[in-house]
Amino acid sequence: MDSSERLKNSFKQIRHLTVVIVVFFMAMAAVLLYIMIDPSLSSFKSNKNEITVSDYEVVSEMDEADYDKIENGIHVRTGFVDSDGLMLVVNNCTNCHSAKLVTQNRMSKERWLATIRWMQETQNLWDLGTNEEIIVNYLATNYAPSKKGRRQNLTDIEWYELEE
C-alpha cells in the first residue's frame, strides 16, 4: 500500500468514527429531550389513568379517637400543652402554619399580641374577636420566655471514676 492509499483509509476511519460519535450524541440528546418533556415516562406505562399505591407515599392516618388525644398533658397531634384555650389555639393557629412554629417561640403576652397583629396586617389572619384574649393568655402562659438555658444543671448525680 502506498502512502496515498493509507491516507485515504485513515480519513475513512476518522469519518466513520465521527459519524458514530455524532449519532451517539444525537441519540443521547433525543433521550434527554424526551425525559424533559415527559419526566414520569408515562408513555411506557400500560394504563395512563390507573393510579397505584406505589405512585404515592403512604401516610398512616390517625384514628378519629386519637385526633384530639391528650397524653401526659400534651396534645398528641400538635404538641401543644393541654391548658385552657388549647382547642382555640389549635383551630386558629394550625390552619395556616405548623404547631412547631408556635411551640418553638417563647414570648411575653405583649409580644404574642404584637405577633398576632403583625399576622393580621401582613399575613391575612382574620379578626380573632373575643377569642383573642383566650388565645393570647394560653400562649403567654404556656409559651412564655424562659430564663433557663438549653439544659438545667445536673444535680444529685453519682459520678464514677473511669478505669484505665
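A quick word on terms before the points: a residue is called buried under 20% relative accessible area, exposed over 50% and partly exposed in between, using a 1.4 Å probe and protein chains only.

1. What you are looking at. This is a predicted model, in which local features need pLDDT of at least 70 and side-chain atom pairs count only at pLDDT 80 or more, while totals for chains, interfaces and linings use all residues. Residues are numbered from 1 along each chain as its sequence is written, and side-chain values use heavy atoms, with hydrogens and water left out.

2. Overall layout. The protein has five helices and two strands, arranged along the sequence as α-β-β-α-α-α-α. Here helices (H or I, at least four residues) and strands (E, at least two) are DSSP runs, numbered from the N terminus. Of the 164 residues, 16% count as buried. The accessible surface comes to about 14,200 Å², and carbon and sulfur atoms account for 55% of it; these areas come from the Shrake-Rupley method with a 1.4 Å probe, and for residues only the protein chains shown count as cover. If you take contact to mean heavy atoms within 4.5 Å, then among contacts between residues at least 6 apart in sequence, 43% join residues at least 24 apart.

3. The core. A nonpolar core is a set of buried Ala, Val, Leu, Ile, Met, Phe, Trp, Tyr and Cys residues joined through side-chain atoms within 4.5 Å. The largest one here holds 19 residues, and those with the most contacts inside it are Phe-80, Val-89, Trp-112, Ile-116, Tyr-138 and Leu-139. Two or more residues come from each of α2 (86–93), α3 (99–103), α4 (109–122) and α5 (131–142), with the largest share, five residues, coming from α5.

4. How α2 meets α5. The axes of these two helices come within 9 Å and cross at roughly 105°; axes are lines fitted to C-alpha atoms, for helices over the stretch in contact, and angles run from 0 to 180 degrees between N-to-C directions. That makes α2 roughly perpendicular to α5, a label for angles of 65 to 115 degrees. On the α2 side the contact uses Leu-86, Leu-88, Val-89 and Asn-92, and on the α5 side Asn-131, Ile-134, Ile-135, Tyr-138 and Leu-139. Seven of these residues are nonpolar, two are polar and none is charged, counting Ala, Val, Leu, Ile, Met, Phe, Trp, Tyr, Cys and Pro as nonpolar, Asp, Glu, Lys and Arg as charged, and the others, Gly among them, as polar.

5. Glu-132. This residue belongs to helix α5 and is buried, with a relative accessible area of 14%. Beyond neighbours within four places in sequence, Glu-132 is in contact with Leu-113, Ile-116, Arg-117 and Gln-120. Its C-alpha atom is 9.8 Å from that of Asn-92, a residue 40 places away along the chain.

6. Two asparagines to check. Most residues other than glycine have a negative phi. Asn-72, in the loop between β1 (70–71) and β2 (74–75), has a positive phi near 50° and is exposed at 80% relative accessible area. Asn-124, in the loop between α4 and α5, has a positive phi of about 65° and is exposed at 69% relative accessibility.

Key: Parallel < 35°, antiparallel > 145°, perpendicular 65-115°, else oblique.
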